[in-house]
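Please read the points below with the model open beside you. They are meant for someone meeting this structure for the first time.

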Amino acid sequence: MKVLVVDDSSFIREYMRHLLGRMGVSCEEAADGSDALEILKTHGDFDLMLLDLNMPVMNGLECIKVMRRSKLYPEMKVMMVTTEADHSLILRALDQGADEFLMKPFTPESLRQKMVLLGLSVCSPQLI
Amino acid sequence: MHLYRAVSEAMTVHETNFFRDRTTFDALRDHILPKLIERRRSSRRLRIWSAACSTGQEAYSVAMLLREHLPQREDWDIRIMGTDISQQTVEYASEGTYSRPEVNCGLPVRMLLRYMTRSEEQWQINPDLRAMCDFQRRNLCVSTAGLPLFDLILLRNVLFYLDSECRTSLLTAAHHHLAEDGFLVLGEIEQAEDVTDLFQPNDSAASLFYRPRKIV
Ligand SMILES: C[S@@+](CC[C@H](N)C(=O)[O-])C[C@H]1O[C@@H](n2cnc3c(N)ncnc32)[C@H](O)[C@@H]1O
């Protein structure tokens with residue numbers, strides 16, 4: 001399984017890489033929406049995109065909108081990962097084509113469970 | 001608080017989450033609840049027991065599934081009873097207010113939007129869902145007198161806290177309180193050898209779902 005982590009914080013990207021690694025999942029990183037679109041064009045088949053909302057250059061909502069409109073990898077799941085929790089905002093993200101929503105801060109187990117909800121089979125994070 | 005109660009509060013693990021164990025809830029949604037709905041089509045009455053409900057997520061998860069999949073739900077008389085030995089968790093469940101880490105874990109976001117209302121850092125179960133559930137303190141090792149006949153009993157992730165005497169009397173009581181064509185559900189990692197005297201696996205031996213045996 002391959003995951004694209006999109007977040008402007010290098011700290012969060014590093015944390016995600018570590019967590020995913022413990023679940024046996026490899027990932028690529030992007031620092032904002034336009035960076036993510038570039039990677040999608042060149043690197044291809046990701047199973048899941050973990051997408052932050054508030055980022056410079058191109059934010060998460062804009063990114064899914066462009067991506068879903070251009071039909072880039074329609075089968076790739078998109079999960080928003082953000083501190084935002086406003087219901088109308090979540091609804092907007094779902095309307096734009098997001099599949100799930102994980103609020104920051106989150107635990108390794110809640111990330112795993114959300115991935116399972118998306119039909120991605122992952123093992124429990126190993127304690128390292 | 002009584003000393004006994006204080007000790008039992010401190011000793012028990014209340015860990016739970018919404019839709020805990022995907023395979024169990026998938027089976028409930030796809031097989032068990034549709035069967036029960038079909039069987040109760042004329043009486044339009046369902047009684048469900050979340051025994052050892054902890055902070056209530058199990059009961060509310062079942063309520064959400066019923067809201068999603070029951071046609072003409074308004075015409076049905078549905079009660080989901082949650083019981084737990086811990087007064088604190090029963091009060092928490094009755095309150096129906098959950099924190100960010102709790103709604104983050106296991107709950108599909110569309111269900112969160114549909115069945116809960118946010119206020120700041122708290123998410124409140126909506127009144128119509130809340131109204132389907134009752135919660136009360138109850139020790140599973142003491143008499144189950146006063147409980148009705150259930151169509152579905154969830155006895156998940158609690159058996160391993162109980163000694164063998166209590167397990168035996170509890171399983172006997174569960175058999176007594178389960179409709180002949182009802183189902184018992186155990187937790188995914190629960191040992192079930194002593195269950196099979198009174199209940200038979202619904203499908204395969206690996207099933208977590210049991211039907212009561214006829215005792216003559
Ligand atoms: C791990 S939780 C399980 C919650 C839920 N059924 C689930 O599977 O997610 C176990 C619960 O069993 C309760 N419990 C332990 N012993 C009990 C007893 N003798 N009678 C009733 N509840 C008990 C604890 O208070 C705790 O909330």
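This is a predicted model: local features need pLDDT of at least 70, side-chain atom pairs count only at pLDDT 80 or more; totals for chains, interfaces and linings use all residues.

1. On the side of chain A that touches chain B, the elements giving two or more residues are helix H4 (87-96), strand E5 (100-103) and helix H5 (108-117) of chain A. H5(A) gives the most to that side, with six residues, and by class the side of chain A that touches chain B has 13 nonpolar, six polar and six charged residues.

2. The contact takes 25 residues from chain A and 18 residues from chain B, and the two chains bury about 1600 Å² between them, with 58% of it on carbon and sulfur atoms. Of the area that chain A buries against chain B, 36% is supplied by His87(A), Met103(A) and Gln113(A), which is more than any other three residues supply.

3. In chain A, the peptide bond that runs from Lys104(A) to Pro105(A) is cis, with omega near -5°, and Pro105(A) has its place in the loop between E5 and H5 of chain A.

4. Val57(A), in the loop between strand E3 (48-51) and helix H3 (60-69) of chain A, has a positive phi of about 65°, and it counts as exposed because its relative accessibility is 72%, where exposed means over 50%. Asn157(B), in the loop between strand E7 (150-155) and helix H8 (164-176) of chain B, has a positive phi of about 55°, but it counts as buried because its relative accessibility is 12%, where buried means under 20%.

5. In a regular strand the side chains alternate between the two faces of the sheet.

6. E5(B) pairs in the antiparallel sense with strand E3 (residues 97-98) of chain B over two bridges, where Trp123(B) is the bridge partner of Tyr98(B). E5(B) also pairs in the antiparallel sense with strand E4 (residues 116-119) of chain B, over four bridges, and there Gln124(B) is the bridge partner of Thr117(B). The hairpin of E4(B) and E5(B) has two residues between the strands, and in this hairpin Glu120(B) takes a positive phi near 55°.

Conventions: Residues are numbered from 1 along each chain as its sequence is written. Chains are lettered from A and ligands numbered from 1 in the order in which they are written. Side-chain values use heavy atoms; hydrogens and water are left out. Two strands pair if DSSP finds at least two bridges between them. Contact means heavy atoms within 4.5 Å. Buried area is the accessible area (1.4 Å probe) that two parts lose on being put together, summed over both. Ala, Val, Leu, Ile, Met, Phe, Trp, Tyr, Cys and Pro count as nonpolar, Asp, Glu, Lys and Arg as charged, and the others, Gly among them, as polar. Buried means under 20% relative accessible area, exposed over 50%, partly exposed in between (1.4 Å probe, protein chains only).
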